[in-house]
Amino acid sequence: SGLTEVVNLSPYITPNEDFYRIDTALSVPMLDPEAWSLSVEGLVENPYRLTFTGLLDMDLIERTVTLCCVSNEVGGSLVGNATWTGVPLQDVLGPAEPLPGGEQVMARSVDGFTAGFPIEQVSDGRTALLAIGMNGKPLPIIHGFPARLVVAGLYGYVSAVKWLDSIKVTTWEDNNGYWIPRGWAKEAPIKIASRIDVPKLRRLKAGMQPVAGVAWSPTEGVARVEVSVDKGPWQTCELGDTIGGETWVQWLYRWEAKPGHHELTVRAVGIDGAVQPSRSVSPAPNGAE
């Protein structure tokens, strides 16, 4: 496709050094993998500790997943797509044998940050990983080394705990992650969204100009992306290749730019039929629109 030649378009895979970072750690926890272990506890038959060596001995898989921060504004940069290496969370929880009363997976970081999500989302077909690698390298320290959670389709603040210390199976009631008492929604699926990366500048030459960016709708994926010029009809964009619906997609519209002032608008349509809303909604409590 013509997407590879578009200057300033976000690459399909976000390099580790460019991947956004949002967390509550004032200083980054430096953990020795030799001494580290993860406690799997709570409403389980067999609580146990998983060492880093034990983790490496398990069957590792690679999955490409787009992560997004709930505080990301429409068009913002707090979103990225990476290929994560790790163990399915189901394989980590399995040996502990969660009890029937367990409704939520509550993960805790060594610095005390917590985030929780419904236990069904561990086994409903989405990627839910205990990740130890990012884009073919060991997990960078600022992205949670030695291990973090990556759950497709959920905003980071309810799922993406870094520097993991424990994973606890709890009830849904009376157990809230860090951001919930601070006014954010307890259930937080990522909303469908799109972003214009190109043109970057406000002034362009008239003639053929690429309009391009990324769009995402985890976990089903994006069916199409449409651009409107000056509130005119929606025009279908060319889409790049994707590994699957849990990742963003690059899009491109070839615009015949006429002299004058113009307004470009983009929207994504999901495979599930969801259309990106046109009304403006601020990020709190459950994501911008």
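Which residues does L130 touch, not counting residues up to four places away in sequence? L130 touches L38, L50, L55, T85, G86, V87, L89, V92, A147, R148, L149 and L164, where contact means heavy atoms within 4.5 Å. This is a predicted model: local features need pLDDT of at least 70, side-chain atom pairs count only at pLDDT 80 or more, and totals for chains, interfaces and linings use all residues. Residues are numbered from 1 along each chain as its sequence is written, and side-chain values use heavy atoms, with hydrogens and water left out.

**Core**
- The largest nonpolar core holds 46 residues. Such a core is a set of buried Ala, Val, Leu, Ile, Met, Phe, Trp, Tyr and Cys residues joined through side-chain atoms within 4.5 Å.
- Buried means under 20% relative accessible area, exposed over 50%, and partly exposed in between (1.4 Å probe, protein chains only).
- L38, L55, L130, Y157 and L164 have the most contacts inside this core.

**Strand β10**
- Strand β10 spans residues 164–170, and five of its seven residues are buried. Strands (E, at least two residues) and helices (H or I, at least four) are DSSP runs, numbered from the N terminus.
- Strand β1 (residues 37–42) runs parallel to β10, joined by four bridges. Two strands pair if DSSP finds at least two bridges between them.
- V40 has I167 as its bridge partner in β10.
- Strand β5 (residues 104–109) runs antiparallel to β10, with six bridges between them.
- R108 has S166 as its bridge partner in β10.

**Salt bridges**
- The structure contains 10 salt bridges. Each is a side-chain nitrogen of Lys or Arg within 4 Å of a carboxyl oxygen of Asp or Glu.
- K162 pairs with D23, their closest N and O atoms 3.0 Å apart. K162 lies in the loop between β9 (148–151) and β10, and D23 in the segment before β1, so the pair ties together parts 139 residues apart in sequence.
- K162 is buried at 8% relative accessible area, while D23 is partly exposed at 27%.
- R21, D23 and K162 are linked in a salt-bridge network.
- R279 pairs with E289, with the closest N and O atoms 2.8 Å apart. Both lie in the segment after β17 (264–270), so the pair ties together parts 10 residues apart in sequence.
- R279 is exposed at 52% relative accessibility, whereas E289 is buried at 18%.
- D124 and R126 meet through their side chains in a salt bridge (3.0 Å, N to O). D124 is partly exposed at 42%, and R126 is buried at 18%.
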